[in-house]
Amino acid sequence: MIPPSFEYHRPASVEEAVGLLSSLGSEAKILAGGHSLLPMMKLRFAEPEHLVDINRIPELKGVRVIGDDIVIGAMTSEKAVIADPVLNAKVPLLPEAAKNIADPQVRNRGTIGGDIAHGDPANDHPALALACDAVMTVVGVNGTRQVPASEFFLGTYWTALEETDLLTEITVKAFPQGAGYAYKKLKRKTGDWATAACAVVVALSSGSVSHIRITLTNLGPTALRAYDAESILMGKSINDDLIRQAAAKAMEICDPAEDLRGDAEYKTAMAGQMVQRAINEALAKAS
Amino acid sequence: MNAPVKTLEERKTELQGMGDSRLRKEDARFIQGKGQYCDDIKLPGMLHMDIVRSPVAHGRIKKINKDPAMAIPGVHAVLTADDLKPLNLHWMPTLAGDVAAVLADEKVHFQMQEVAIVIADDRYIAADAVEAVEVEYEELPVVIDPYKAIEPDAPVLREDLAGKTEGAHGPRDHHNHIFTWEAGDKSAADDAFATAPVTVSQHMHYPRVHPCPLETCGCVASFDPVKGELTTWMTSQAPHVVRTVVSMLSGVPESKVRIISPDIGGGFGNKVGVYPGYVCAIVSSIVLGRPVKWSEDRIENISTTAFARDYHMDGHLAATEDGKILGLKVDVVADHGAFDACADPTKFPAGLFHICSGSYDIPAAHCSVKGVYTNKAPGGVAYRCSFRVTEAVYLIERMVDVLAQKLDMDKAEIRRKNFIRKEQFPYTSAFGFEYDSGDYHTALEKVLDAVDYKALRAEQEQKRNDPNCPTLMGIGLVTFTEVVGAGPSKICDILGVGMFDSCEIRIHPTGSAIARMGTITQGQGHQTTYAQIIASELGIPSEVIQVEEGDTSTAPYGLGTYGSRSTPVAGAAIAMAARKIHAKAKKIAAHLLEVAEGDLDWEIDRFKVRGNEEQFKTMADIAWAAYNQPPEGLEPGLEAVHYYDPPNFTYPFGIYLCVVDIDKGTGESSIRRFYALDDCGTRINPMIIDGQIHGGLTEGFAVAMGQQMPFDEQGNLMGNTLMDYFLPTAVETPTWETDYTVTPSPHHPIGAKGVAESPHVGSIPTFNSAVVDAFAHLGVTHMDMPHTSYRVWKKLKEEGIQL
């Protein structure tokens with residue numbers, strides 16, 4: 001990496017980090033795992049004057065259970081997410097999906113908070129956060145606030161975070177008993193972002209759908225939740241025809257950008273495929 | 001007590017010679033991270049170079065302002081074409097008889113072309129300075145399509161060639177035309193087509209790809225102003241040729257130029273040529289009197305240094321109604337980019353493309369290759385077959401499939417019918433190649449039996465009849481013949497230097513040895529396999545034979561490693577040098593044993609007196625004697641040099657079969673099975689052969705299924721990072737099954753043919769054949785690569801197939 005020169009800061013606490021962000025202003029960037037920021041700096045697309053490295057703030061790492069809440073520190077690495085026993089038992093979609101993120105080297109450094117805070121619709125955690133009804137804890141100069149995932153992602157590289165805010169925690173609740181889940185991700189190769197991906201969480205009650213989330217990665221300016229597709233299935237006993245209808249509804253909200261992975265038509269069609277496959281896999285796991 | 005007498009087998013095993021899958025000598029350092037690559041070279045006072053590159057693909061340079069860059073502390077120099085002009089170094093000759101700009105002279109011809117260089121204290125300052133150099137361009141119309149390049153009103157790309165109607169390879173009939181090269185007998189081929197009952201034609205594009213070695217190109221140039229000596233460490237597959245070129249360009253006597261290729265992290269043809277970066281680093285070092293390092297980054301490597309392929313081909317076959325091929329015609333438009341920078345033998349501007357009659361007995365054939373300039377980077381040397389054999393094999397294997405489809409014949413059957421038969425070797429093709437040896441029928445049946453071809457076809461039939469089957473199944477079959485080991489100097493030279501290679505072996509007094517060759521390993525494992533050849537020839541354990549290559553001050557002159565030429569050419573030189581030593585050793589043994597040479601028999605590691613088992617001298621005994629008590633009239637010492645000029649090429653072959661399952665919903669291809677049978681003649685180290693084959697198949701998989709260098713209309717190369725450019729990891733890579741037959745080359749001293757390129761050359765059309773086969777029942781005869789999910793999905797859609 002051969003970036004222009006920059007100042008490097010390594011705060012030891014959230015307060016110190018927020019203070020630095022506040023005093024340095026818009027020329028500062030937070031360095032979490034670095035797997036989005038450093039490639040941009042390497043290409044000199046991003047040329048921050050200050051890097052605020054939050055890797056040495058202990059309270060930002062790890063998973064805690066507080067009552068019904070499962071609190072994931074923003075600096076918890078993908079590797080730690082994959083290995084965490086609480087997440088595997090209560091919110092198994094997260095570790096399962098994290099295995100599909102990039103490659104082992106990236107997962108060793110890359111963090112759940114960095115993935116979410118970057119606001120890139122190609123990242124996987126935004127759609128996963130929507131599927132898990134996650135709530136973001138944001139600390140800024142004016143204190144702490146809670147932002148639900150549904151209000152967090154505002155546009156491409158644009159989130160509810162202000163310049164001086166730090167995302168500190170992601171809070172989720174355990175899946176309903178017996179819920180099935182799946183994350184289907186079509187990608188060109190290991191390490192690539194999704195051409196199209198879909199997360200599904202589904203719970204059944206007496207054979208009918210009692211809880212469902214269908215969310216999409218890299219199919220619009222932000223991660224998307226396919227509410228209309230969910231409505232098709234909610235309360236129903238699922239069959240192949242309903243799954244196809246739900247996929248069609250999900251495809252309607254897709255607005256992907258054309259790139260070397262494919263044009264909008266292809267990516268939208270792949271969204272349909274991923275939705276169907278994710279629903280089928282989630283149903284197979286549901287009890 | 002006497003040591004137990006070793007059996008013959010034990011003595012042979014201890015040598016770890018030819019045929020032994022001994023571990024690679026190289027790996028101890030590589031797996032510990034102790035390799036010494038170009039970028040590891042750090043010299044006192046070393047400066048760093050970085051390159052200002054053109055953002056436009058075709059434009060006139062209006063103005064260059066160096067001042068803001070020169071104002072940055074730590075910047076030593078900024079050089080442009082104007083600075084190189086007084087040295088006459090702003091252009092350089094290419095290995096293909098053209099010239100290439102070192103730094104863009106008034107015009108840029110491709111995106112990321114070298115426009116200026118910056119020399120600074122460190123790499124960071126250099127990169128800052130590159131951004132600070134201000135260049136003003138007037139954009140010119142861009143030509144990306146080679147067919148459009150040769151339309152009458154196409155923009156003139158190479159103004160420096162204005163008025164030149166004669167190129168290095170014959171007449172030029174258009175300002176963007178480089179050469180037209182033909183082989184075979186046109187009128188015989190035309191006659192065959194005029195009377196044949198069946199003809200087929202197919203247009204195909206073999207896309208531009210890049211070999212993308214793990215280590216990018218680079219060098220460290222160090223000129224000693226006191227001694228007037230230039231030493232350059234360089235990622236070069238051909239250090240001796242580079243030394244000759246550098247001497248010719250710089251005027252420094254060849255004896256004072258030393259090129260060292262250190263460990264090389266993969267070449268695949270990307271590291272054959274001489275790049276502007278090398279020239280500029282050398283000039284800078286001479287001018288500044290300090291060492292200068294240049295290391296490409298990944299984007300620079302993919303965008304500017306030797307690409308591969310970019311052949312637009314029209315193939316035609318004429319045949320009888322029962323599938324006997326009567327004639328072949330091929331017309332190629334070859335996109336060479338902005339400069340013709342191939343590295344083919346001088347007489348062959350399209351390399352050995354005329355091997356395109358393949359493994360088949362085709363009575364009449366003709367091919368024509370037209371080289372064309374476009375606004376793309378130069379190259380065409382790479383990859384894993386620098387001499388266009390990849391394109392040739394792709395062409396003929398595709399055409400045979402197309403013909404089989406037309407005649408509703410099985411792919412295996414049509415090949416059986418047209419193979420050159422075992423008893424026809426040595427066989428002279430319609431293009432004039434003399435195939436040395438082969439047994440294609442035996443190899444084909446071995447593969448078909450191994451995979452149960454009939455059962456695969458039955459399964460495919462059943463799946464095609466099942467509308468609910470979620471996949472399309474395709475079976476690819478390729479039966480290729482390669483031509484490698486360039487080459488006989490009567491027809492092969494580069495810059496006038498014959499394409500021989502060399503070996504020097506020195507046996508030390510205590511019986512170990514050092515050997516040096518004109519080739520250079522880049523992952524092939526020469527330090528292991530070359531030692532194994534010597535071990536078997538001289539009875540010295542390969543473990544104590546040191547192999548050194550790549551330093552032009554110590555190694556004998558050779559043309560380097562590319563085109564699978566190391567074993568066919570240098571391997572032969574090694575055997576011949578060893579045999580010279582063997583002959584001298586015999587004289588010494590006779591002297592020591594006090595018998596006539598004619599009374600001695602060689603046995604693994606010793607000369608024995610015939611009829612007296614107790615009387616013998618081992619090679620170690622002889623080595624000591626060579627320095628201690630040589631016979632009267634014989635020079636002391638035990639060493640030899642051999643320069644080997646091969647009498648012919650070698651012709652390795654293989655039979656590859658691939659089964660693919662294509663997801664009807666996503667277009668994803670899953671390689672269920674890939675069976676590769678290779679015949680490379682005598683096998684030196686089966687483990688290394690397997691490694692070579694695995695690597696070549698993996699790179700073939702990459703090319704067929706994902707690699708591409710797409711350009712937009714403005715000449716922007718899209719996808720020049722590893723984010724987009726497909727390098728398969730272990731996750732994507734299929735499981736390979738390998739097999740072999742052994743048909744030695746009759747003209748090679750040890751019967752070896754070379755293997756490194758076969759798996760690449762052979763596998764790419766095999767994957768292609770499998771994917772097309774999945775669609776064959778719909779009447780599809782050809783699909784251009786790469787078979788990415790997206791492109792295959794578009795085909796599924798076009799054919800009305802969905803889940």
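**Close-up views of a predicted two-chain model**

**Figure 1. The loop around Ala168(B).** With 16 C-beta neighbours inside 10 Å, Ala168(B) counts as partly exposed, in a model that is predicted throughout. Ala168(B) belongs to the loop of chain B that runs between β9 (166-167) and β10 (170-171). Leaving out residues up to four places away in sequence, the residues that Ala168(B) touches are Ala96(B), Gly97(B) and Asp98(B). Pro349(B), although 181 residues away from Ala168(B) in sequence, has its C-alpha atom 9.0 Å from that of Ala168(B).

**Figure 2. The largest nonpolar core and the surroundings of Ile534(B).** The largest nonpolar core of the model comprises 345 residues, and the residues with the most contacts inside it are Val118(B), Ile534(B) and Ile574(B). The element that gives the most to this core is helix α16 (residues 566-593) of chain B, which supplies 12 residues. When neighbours within four places in sequence are left aside, Ile534(B) is in contact with Ile505(B), Ala513(B), Ala515(B), Ile540(B), Ile545(B), Ile574(B) and Ala578(B).

**Figure 3. The crossing of α15(B) and α16(B).** The axis of helix α15 (residues 526-538) of chain B comes within 9 Å of the axis of α16(B), and the two cross at roughly 35°; the crossing is right-handed. On the side of α15(B), the contact is made by His526(B), Tyr530(B), Ile533(B), Ile534(B), Glu537(B) and Leu538(B). On the side of α16(B), the contact is made by Ser566(B), Gly571(B), Ile574(B), Ala575(B), Ala578(B), Arg579(B), Ile581(B) and His582(B). By residue class, the contact of α15(B) with α16(B) divides into eight nonpolar, four polar and two charged residues. Ile534(B) and Ile574(B), which take part in this contact, are also among the residues with the most contacts inside the largest nonpolar core.

**Figure 4. The contact between chain A and chain B.** Chain B brings 18 residues to the contact and chain A brings 12 residues. On the side of chain B that touches chain A, the elements that give two or more residues are α5 (123-132) and α20 (789-798) of chain B, and of the elements on this side α5(B) gives the most, with four residues. The residues on the side of chain B that touches chain A divide into eight nonpolar, six polar and four charged.

**Figure 5. Helix α20(B) and what covers it.** Helix α20(B) is mostly covered, seven of its 10 residues being buried. The buried residues in α20(B) are Ser789(B), Tyr790(B), Arg791(B), Val792(B), Trp793(B), Lys795(B) and Leu796(B). Their cover includes α12 (264-285) of chain A, together with β32 (653-663), β33 (669-679) and α19 (758-775) of chain B. Just after α20(B), Gly800(B) takes a positive phi of about 75°.

**Figure 6. Two cis peptide bonds in loops of chain B.** Most peptide bonds are trans. A cis peptide bond joins Ala382(B) to Tyr383(B), with omega about 5°, and Tyr383(B) is placed in the loop between β19 (364-373) and α11 (389-407) of chain B. Another cis peptide bond, with omega about -5°, joins Phe425(B) to Pro426(B); the place of Pro426(B) is in the loop that runs between α12 (411-418) and β20 (427-428) of chain B.

Figure 7. Most residues other than glycine have a negative phi. Gln16(B), which is not a glycine, has a positive phi of about 50° and is placed in the loop between α1 (8-15) and α2 (27-30) of chain B. Gln16(B) is buried, since 21 other C-beta atoms lie within 10 Å. Phe268(B), also a residue other than glycine, has a positive phi near 55°, and its loop runs between β15 (257-260) and α9 (276-288) of chain B. Phe268(B) is buried, with 28 other C-beta atoms within 10 Å.

**Figure 8. Chain A as a whole.** The secondary structure of chain A amounts to 12 helices and 14 strands. Its radius of gyration is 19 Å, close to the 19 Å that the globule rule gives for 287 residues, so chain A is as compact as a globular protein of that length. The C-alpha trace of chain A spans about 55 × 45 × 30 Å along its principal axes, and 51% of the 287 residues of chain A count as buried. Of the contacts in chain A between residues at least 6 apart in sequence, 63% join residues at least 24 apart.

Technical notes. Residues are numbered from 1 along each chain as its sequence is written. Chains are lettered from A and ligands numbered from 1 in the order in which they are written. This is a predicted model: local features need pLDDT of at least 70, side-chain atom pairs count only at pLDDT 80 or more; totals for chains, interfaces and linings use all residues. A nonpolar core is a set of buried Ala, Val, Leu, Ile, Met, Phe, Trp, Tyr and Cys residues joined through C-beta atoms within 7 Å. A residue is buried if 20 or more other C-beta atoms lie within 10 Å of its own, exposed if 12 or fewer, and partly exposed in between; C-beta atoms are placed from the backbone. Two residues are in contact if their C-beta atoms, placed from the backbone, lie within 7 Å. Ala, Val, Leu, Ile, Met, Phe, Trp, Tyr, Cys and Pro count as nonpolar, Asp, Glu, Lys and Arg as charged, and the others, Gly among them, as polar. The radius of gyration is taken over C-alpha atoms; the globule rule is 2.2 Å times the number of residues to the power 0.38. Axes are lines fitted to C-alpha atoms, for helices over the stretch in contact, and angles run from 0 to 180 degrees between N-to-C directions. A crossing is left-handed if the near helix is turned anticlockwise from the far one by less than a right angle, and right-handed if clockwise.
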